[in-house]
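Please walk through this fold with the structure open beside the text.

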Amino acid sequence: MGSKSPRSEGLNAWIAGQRWFSAKSRRIVASHIHDQLRVGEATLYLVRLGLDDGSTPTYVVPLRGETALDDAFDDPSFCRALLDLVRSGGRVAGERTALIGRPSTAFPRDLPSDAGVHRVTGEQSNTSVVYGDRLIAKYFRRLVAGVNPDLEMSRYLTEVAGFANTPPLAGALEYLAADGSVATFAVAQALVRDAQDGWRWLLERLGRGDGALPALAGLGRRTAELHLALARPTADPAFAPEPITEADVAAWSEAVQRQLDAARAALDGRVADGVPRRVDGSGLAALVGRVKMRHHGDFHLGQTLAVGDGADFFLIDFEGEPLRPLGERRRKHTPLRDVAGLLRSLGYAAASVAAPPGWEDEARRAFTRGYREAAGAAPFLPASERALARALAVLEVEKAAYEVVYEANNRPAWVAIPVRGLVSAALRSGPAAGAA
C-alpha cells in the first residue's frame with residue numbers, strides 16, 4: 001500500500017466494526033489495497049481482505065481524506081458525485097479497474113444535481129442513499145464478480161416484463177476489471193413515495209391490535225403476480241422458464257439436507273426434538289414437470305414496501321440470500337421458495353411482538369390464500385393443495401435452517417426463532433402433512 005493509503009492495522013479493525021462487514025464470525029488477518037479511484041473529494045478503495053478461514057473477499061471502502069477512516073457516504077457531495085456518474089454514463093479509472101455509470105431510460109433527467117441527500121440508517125450488508133424524493137441508490141459494499149441479481153432482475157422487470165409493483169430501474173454503477181469482468185457496485189431505482197418498510201409496517205399493525213389479514217392476502221396476490229410475470233416465455237435464456245426434472249428435485253433435496261446439516265453444526269450438533277437428521281425430500285417430488293424460473297430469492301417482509309397502510313405493496317431487493325454464491329443466487333428454482341420465505345417472515349413477526357395466539361396460523365392462511373387465488377393454474381404450482389403444502393414445508397425447512405446459521409453467526413439471541421420454525425416445518429414436511 002502506498003504512503004497515502006490507510007494503514008492496514010487501523011483499516012482492518014475499522015472494517016471489522018462496520019455493520020456492512022458480513023463475515024462477523026471471521027477474523028481479518030490481512031488486507032491489501034487492490035485499487036483506488038478518486039470520486040469527487042473522496043477515494044474509493046477496493047480492499048481485498050484475508051480472513052482466518054482462507055477466504056479473500058473484496059470490499060468497497062470510500063473514505064474522505066487521504067488516510068482518515070471517515071466513511072465518505074456520510075458526505076452528501078460524494079453521494080451526488082456517484083449519482084452524477086450514473087446520470088452521465090461517466091467513467092472513473094483506477095490502475096486496475098474502472099467505475100462506469102449505466103443510466104437507464106427511466107433515469108429522471110430533471111432531478112436537480114443539488115438534490116437533497118439522505119443516507120438510510122440501520123442497514124447491514126449494503127448502504128442506501130435517498131436523493132431528493134425521486135431516487136434511492138443501493139451501494140454494495142462487498143464486491144463480487146458478475147452481474148448482481150438485484151440489477152439483473154430490476155432491469156428485466158422494468159424493461160421486459162413490465163411488472164408495475166417493483167420500483168423502475170434508474171441506472172447502475174459497475175466496476176470493469178482489466179480482464180473484462182464486471183461487478184455491480186450500485187443499483188438506482190425510483191423512490192416509492194409514502195411507503196413503509198413491510199416489516200416495520202406489520203409490527204406496527206400488530207402493536208395496535210390489528211392482524212392485517214386482508215393486507216397480507218393482498219401481499220400474497222402481488223407475490224403471485226411477480227411470479228406470473230417471471231414465468232412468461234422469453235427469448236432471454238437467463239429468464240426463460242424450464243421444466244423441473246427429477247434430477248432437479250434430487251439436487252434441491254440434497255441442498256436442503258446440506259442446509260440442515262449446516263444448521264446442526266451452527267448449533268454445535270444440537271437440534272430440537274422433531275427435526276430429523278435426514279430431510280424427507282419426497283415432499284418436492286410433485287414439482288417434477290412444473291417449471292423452474294427466476295424468482296426473488298430472499299423474500300421476506302423487509303423486502304416489501306407497504307403503501308397506504310398495506311392497501312398495496314411494492315416488492316424490492318432482488319439480491320438474493322447474501323450468504324450464498326452469486327451463481328447460486330442467479331440459478332433457476334421453484335418460485336415457491338419465495339412463498340416459504342415470506343411464511344418464515346410471518347413467524348419472525350409473531351415472535352417479535354408476541355402476537356396473539358393463533359395469529360401466525362391465520363396470517364399464513366391469508367397470505368397463501370391470496371397467492372393461490374392470484375396464481376390460478378400457474379405452471380409453477382403443484383397439482384394439488386396437499387402437494388403444495390408439503391413442498392412449501394420442505395422449502396421452509398431449508399429457509400429456517402439458513403436462518404439458524406445466520407442468527408448463530410450474527411444475532412445469537414434470536415436463534416430460538418428459526419429453531420421453532422425449523423421444528424414446525426419439519427413436522428409438516430412428511431407424508432402426513434396437512435394444509436399450510
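The axes of α4 and α8 come within 10 Å and cross at roughly 45°. Axes here are lines fitted to C-alpha atoms, for helices over the stretch in contact, and angles run from 0 to 180 degrees between N-to-C directions. That angle makes α4 oblique to α8. Angles under 35 degrees count as roughly parallel, over 145 as roughly antiparallel, 65 to 115 as roughly perpendicular, and the rest as oblique. α4 passes α8 in a right-handed crossing. A crossing is right-handed if the near helix is turned clockwise from the far one by less than a right angle, and left-handed if anticlockwise. From α4, the residues Trp199, Leu202, Leu203 and Leu206 meet Ser345, Leu346, Tyr348, Ala349 and Ser352 of α8. Contact means heavy atoms within 4.5 Å. The residues of this contact divide into 7 nonpolar, 2 polar and no charged. Ala, Val, Leu, Ile, Met, Phe, Trp, Tyr, Cys and Pro count as nonpolar, Asp, Glu, Lys and Arg as charged, and the others, Gly among them, as polar.

The model is predicted: local features need pLDDT of at least 70, and side-chain atom pairs count only at pLDDT 80 or more, while totals for chains, interfaces and linings use all residues. Residues are numbered from 1 along each chain as its sequence is written, and side-chain values use heavy atoms, with hydrogens and water left out. Helices (H or I, at least four residues) and strands (E, at least two) are DSSP runs, numbered from the N terminus.

Now follow α8 to its other partner. α8 and α9 pack at about 155°, with their axes 9 Å apart. That makes α8 roughly antiparallel to α9. The crossing is right-handed. On the α8 side, the contact includes Leu336, Val339, Leu342 and Leu346. By class, the contact of α8 with α9 has 11 nonpolar, 2 polar and 2 charged residues.

The loop between α8 (336–352) and α9 (359–375) holds proline 357. At 84% relative accessibility, proline 357 counts as exposed. Buried means under 20% relative accessible area, exposed over 50%, and partly exposed in between (1.4 Å probe, protein chains only).

Three strands form an open sheet in the order β12-β15-β16, with antiparallel pairing. β12 (195–197) and β16 (312–315) stand at the edges with a single partner strand each, so one side of each is left without a neighbour in the sheet. The twist averages 35° from one strand to the next. β12 pairs with β15 (residues 304–307) over 3 bridges. Two strands pair if DSSP finds at least two bridges between them. Glutamine 196 stands opposite alanine 306 in β15.

Two helices lie across these strands. Helix α4 (residues 198–207) lies across β12, β15 and β16, at about 85° to β12. Helix α5 (residues 213–230) lies across β15 and β16, at about 40° to β16.

Two loops here carry a positive phi. Alanine 212 lies in the loop between α4 and α5. Its phi is near 60°, a positive value in a residue other than glycine. Alanine 212 counts as buried, at 1% relative accessibility. Aspartate 309 is found in the loop between β15 and β16, and its phi is near 55°. At 39% relative accessibility, aspartate 309 counts as partly exposed.

Next comes β11. In strand β11 (residues 182–190), 7 of the 9 residues are buried, so the strand is largely enclosed by the rest of the structure. Strand β8 (residues 135–140) runs antiparallel to β11, joined by 5 bridges. Alanine 137 has alanine 188 as its bridge partner in β11. Strand β10 (residues 169–177) also pairs with β11 in the antiparallel sense, over 7 bridges. β10 and β11 form a hairpin with 4 residues between them, and glycine 180 in the turn has a positive phi of about 90°.

End at helix α10 (residues 385–410), which holds lysine 399. Is lysine 399 buried or exposed? Lysine 399 is buried, with a relative accessible area of 9%. Leaving aside neighbours within four places in sequence, lysine 399 is in contact with Asp298, Glu321, Gly341 and Arg344.
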